[in-house]
Structure formats: structure tokens, C-alpha cells
Amino acid sequence: MAPQLFFEATLPWPPTVNTYWRHKVTGKLATVYVSREGMQYRKAVNLCLMQLGIKTYGLEGGLRVEIEVYPPDRRKRDLDNLLKSLLDALTHAQVWKDDSQISDLRIYRNPMIAGMVKVRVYEA
């Protein structure tokens, strides 16, 4: 029996991990926080999920997540740099309780140029 598909969503192209986080040092205190670009991406993901009618339902249990990447251009890109901001935005949108629930994570590139990602979430 095939795993149950909870939802599929087409989302905007995520910022890379290099632009998602910012660091601030004040004296001996170092702070790491989500950048303005990261916050805007979180809001965009929330909006897309709402427009698609996908309820943020805090999925529980093990999950399988499949991500199909449609790059915005033909430049070389490391796929792993996209994961953190995308998964963080989905966690922030309360799609699941925590991304540690993901036991099977697949990411692959589609050669079509479109600047988006398709996310499919299944039960594990």
C-alpha cells in the first residue's frame, strides 16, 4: 500500500541557508536570527498554503517529504542549501510539529526553469 499523501504545494524559490540566517555579536554575546529575507519567505509560504487551502494542521508521527526543485536560472546550485529555509518555513507554518519528524527526505532537480519548489508530504 502506498503511503498517504497529506498534501502537495507549489511554493516560491527559497533563500539559501547563506542568506536565511544572520549573526550579531554584542560584546561576548553572539545571537543568531532569521534574516529579513527569511522572514519574508516564511510569510510567503504561509500565504501560499492559505491560498491553496492547505490547513496548517501540525502533522504528527513520521513523515516523508519529497521536494522537486525548479531553479530560477541555469546557475550551479547546491540543493542542500535550499533545505533549511524551506523546512523551517514549513515548520513555522505549523505543517508539522517539528522537522525532526521527517524520516525520509528526498530532493531532486527538475531541468525546467521556473524558480519554485513543489513539496509533497506523506506519512512515513
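At 1.5 Å a residue, the 13 residues of helix α3 (residues 80-92) should span 18 Å, and its end C-alpha atoms are 19 Å apart, which agrees; the expected span is 1.5 Å times one less than the number of residues. Helices (H or I, at least four residues) and strands (E, at least two) are DSSP runs, numbered from the N terminus. The model is predicted: local features need pLDDT of at least 70 and side-chain atom pairs count only at pLDDT 80 or more, while totals for chains, interfaces and linings use all residues. Residues are numbered from 1 along each chain as its sequence is written, and side-chain values use heavy atoms, with hydrogens and water left out.

Of the 13 residues of α3, 10 are buried, so the helix is largely enclosed by the rest of the structure. Buried means under 20% relative accessible area, exposed over 50%, and partly exposed in between, with a 1.4 Å probe and protein chains only. Among the buried residues of α3 are L82, L83, L86, L87 and L90, and also D88. Their cover includes β1, α1 (17-20), α2, β4, β5 and β6. Just after α3, Q94 takes a positive phi of about 65°.

Together with strands β4 and β5, α3 makes a right-handed β-α-β unit. Right-handed here means that, with the strands pointing away from the viewer, the path from the first strand over the helix to the second runs clockwise.

Which strands pair with β4? Strand β5 (residues 102-109) pairs with β4 in the parallel sense over seven bridges, and strand β6 (residues 116-123) pairs with β4 in the antiparallel sense over eight bridges. Two strands count as paired if DSSP finds at least two bridges between them. In β5, I102 is the bridge partner of L63, and R106 stands opposite E66. In β6, M116 is the bridge partner of Y70.

Eight of the eight residues of β4 (residues 63-70) are buried, so this strand is largely enclosed by the rest of the structure. L63, V65, I67 and V69 point one way from β4, and R64, E66, E68 and Y70 point the other way.

The open sheet has four strands in the order β1-β6-β4-β5, with mixed pairing. Its edge strands are β1 (5-12) and β5, each pairing on one side only. From one strand to the next, the twist averages 15°. Helix α2 (residues 36-51) lies across β1 and β6, running at about 130° to β1. Axes are lines fitted to C-alpha atoms, for helices over the stretch in contact (heavy atoms within 4.5 Å), and angles run from 0 to 180 degrees between N-to-C directions.
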